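Biologist: I am new to reading protein models. Could you walk me through a few features, step by step?

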Amino acid sequence: MRTQTHIRFFQTFMVWMLFAFGAMAQSGTIKGTVTDEKTKDPIPFANLLIESGGKAYGTAVTDFDGNYTIKPLPAGKYDLKAQILGYKPTIIKGVEINADKITFCNIQMTQTAVNLNAFEVREYKVPLISKDQTTSGETISMSGNHYASSASYQSTSSNYTTTKSNNANLAQPLSKASIYYTDPNTESYDKIKESEFEKVNQKPLSTFSIDVDVASYGNMRRFLSQGLKPPPDAIRTEELINYFDYKYPAPVNDDAFAIYSEVATCPWNPKHQLVHIGIQGKTIESEDLPKCNLVFLLDVSGSMADENKLTLVKKSMRLLVNQLQEFDKIAIVTFSSTTHVELNSTSCKNKDKILNVIEQLHAEGSTSGEEGIKLAYEIAKKNFIENGNNRVIIATDGDFNVGLSSDADIENLIIEKRKDGIFLSVLGFGMGNYKDSKMEKLADKGNGNYAYIDNLMEAKKVLVKEMGATLYNIAKDVKIQVEFNPLNVKGYRLIGYEDRLLSDKDFNDDRKDAGELGAGSKVTALYEIITSENEMKAISSIDSLKYQINKILSNEATLNELMTVKVRYKKPDETKSELCQKIVSNNYTEYKLASENFKFSAAVAAFSMLLRDSKFIGKTSYSDVIKLSKQGRGADDEGYRSEFIKLVEMAELIK
């Protein structure tokens, strides 16, 4: 009897397998390029939808070069739709997909004036801002189908896009039939209070921790590519500026850093000057890279089920695995309702085994982030490599809802774990319930870095092209302190780094935590400075002191020096810091004569201030930023600066 049952089960199983393989054999692929009909330039971030009979079968977003791929698709005829803000939606009807073949379909799109009537806009009431007081300040949460700190947002479910607006910001639903409403949006961002001008005679020192994170740029791009303006507190200016390579001179001899500076007229306020400071870390040759002991901590909870979450996580991890050497080791831990060791620490000689484990992952359950973090660090410590690169790489949307979920609890857990000499890389994915505030704290407190992966090209940038900067630290607790010469500088404002500010006494305190710098990484900081006493009096809200007079100037306070830049850092395995410094001379040029790097960094800063609705941006417009960034684009071998210009053009349409 049992034998007959087994036979029937086997027969049923074989029929199912034949059906499954038959279905796979009947599928095909569509590829193509989306370009501007007039200029023939590729259009990045265009949304593609392929459907038949009102049912969606696949979606895609074009890459930097306008390319897209949708697969697998059952054999048959489809309608292919392409759209992006600023272009007329384009439909190619009757595209035929053949089994086991690739169909190529290039699309040319026509630019069009933005017309409110072309879009479906739904009205919603804006709820009260939800605030969560934490040790790092105020957090603004998106709730009740809106992020409260801005005008509109978008969330996704399956192949459909939901767009909501309370101020007629424009978005492009794929069609009225494709509107699909999801759960309330719960994205959260820490409140950012923009820095004011400081009087040099009252506060001559400016001290802050470096920030090499670039997550804010990818997140900003995600919003703009969907035709939406990002919430102001999602914009961290330093992360937008540091997204780009400014090709600073490399350190010489055994120096860990090289410090670069340039001073020119400030483009958004010609009465002021702009100081560009660049710090370049040394590069490690591939043959000299330390051995890796990596633990992939992957979120496989139900919230990660979307295409731009776990599916993109798996593709990203595959890219990284294929870059590692045979002597490197990888373990894989997943967390959802429970925590599992999917793969014990395994040599990269067995890449097929590692990749197979990644491929089998699927999303379900809630998010037990606490247990996952504890287990990942435990495995990293168990397989610790002396003088190696010991690191946990967490990939998640940050939506921890089981275990330690408050920011303070997560911070304390990470601070405790970093004492074991294990670094942390945080990769953010997804939208709708994205917890940027929590992700940033994870990286900040865990001696790590933070990137947002919104597409496969960004994964390639972070995990392949910039793998050394992402994975291999050359310095930790890196702090910058600038002392301004009161003879030449009357006031200053650090642009960005608001949540990285330190007290002046922290600079020489080796117990104070600060940012980490990866191999080949660079850090850029901009200061807007005032050299006129009358100009400083006109904008300062601080009265002159009644009982104190200016301090006696030292012999170093000459007209030849503008400021002194000091950098303090520790080597990754040491506890005592080292110091390097550079004097910035009192020489400046007109903006039009500045370097391309200077012009481009200034354009990025101006764009960030526009997105944040900064009071310091003056009358500078998006058109001005486009002009400035084109002047500073330069060779742009990788195309990132050109992509930035397109993003500014998108923002101009939805401002």
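Predicted model: local features only at pLDDT ≥ 70, side-chain atom pairs only at ≥ 80, totals over all residues.

Biologist: How many salt bridges does the structure hold?

Modeller: A salt bridge is a side-chain nitrogen of Lys or Arg within 4 Å of a carboxyl oxygen of Asp or Glu. The structure holds 30 salt bridges. One of them joins the side chains of Arg-236 and Glu-440, at 3.5 Å from N to O.

Biologist: Which parts does the pair of Arg-236 and Glu-440 tie together?

Modeller: Helices (H or I, at least four residues) and strands (E, at least two) are DSSP runs, numbered from the N terminus. Arg-236 lies in the loop between helix 2 (215-225) and helix 3 (237-241), and Glu-440 lies in helix 8 (residues 436-445), so the pair ties together parts that are 204 residues apart in sequence.

Biologist: Are Arg-236 and Glu-440 buried or exposed?

Modeller: Buried means under 20% relative accessible area, exposed over 50%, and partly exposed in between (1.4 Å probe, protein chains only). Both Arg-236 and Glu-440 are buried. Now take Glu-466 and Lys-461, whose side chains meet in a salt bridge at 2.9 Å, N to O. Glu-466 has 31% relative accessibility, so it counts as partly exposed, whereas Lys-461, at 2%, counts as buried.

Biologist: Which residues are linked in a network of salt bridges?

Modeller: Such a network links Asp-211, Asp-213, Asp-444 and Arg-500.

Biologist: And how do I describe two packed helices?

Modeller: Two packed helices are described by the angle between their axes and the distance between the axes. Axes are lines fitted to C-alpha atoms, for helices over the stretch in contact, and angles run from 0 to 180 degrees between N-to-C directions. Here the axes of helix 2 and helix 14 (residues 640-654) come within 10 Å and cross at roughly 50°. That makes helix 2 oblique to helix 14; angles under 35 degrees count as roughly parallel, over 145 as roughly antiparallel, 65 to 115 as roughly perpendicular and the rest as oblique.

Biologist: Which residues of helix 2 meet helix 14?

Modeller: Contact means heavy atoms within 4.5 Å. Tyr-217, Met-220, Arg-221, Leu-224 and Ser-225 in helix 2 meet residues in helix 14, including Phe-644 and Leu-647.

Technical notes. Residues numbered from 1 in each chain as written. Heavy atoms only, no water.
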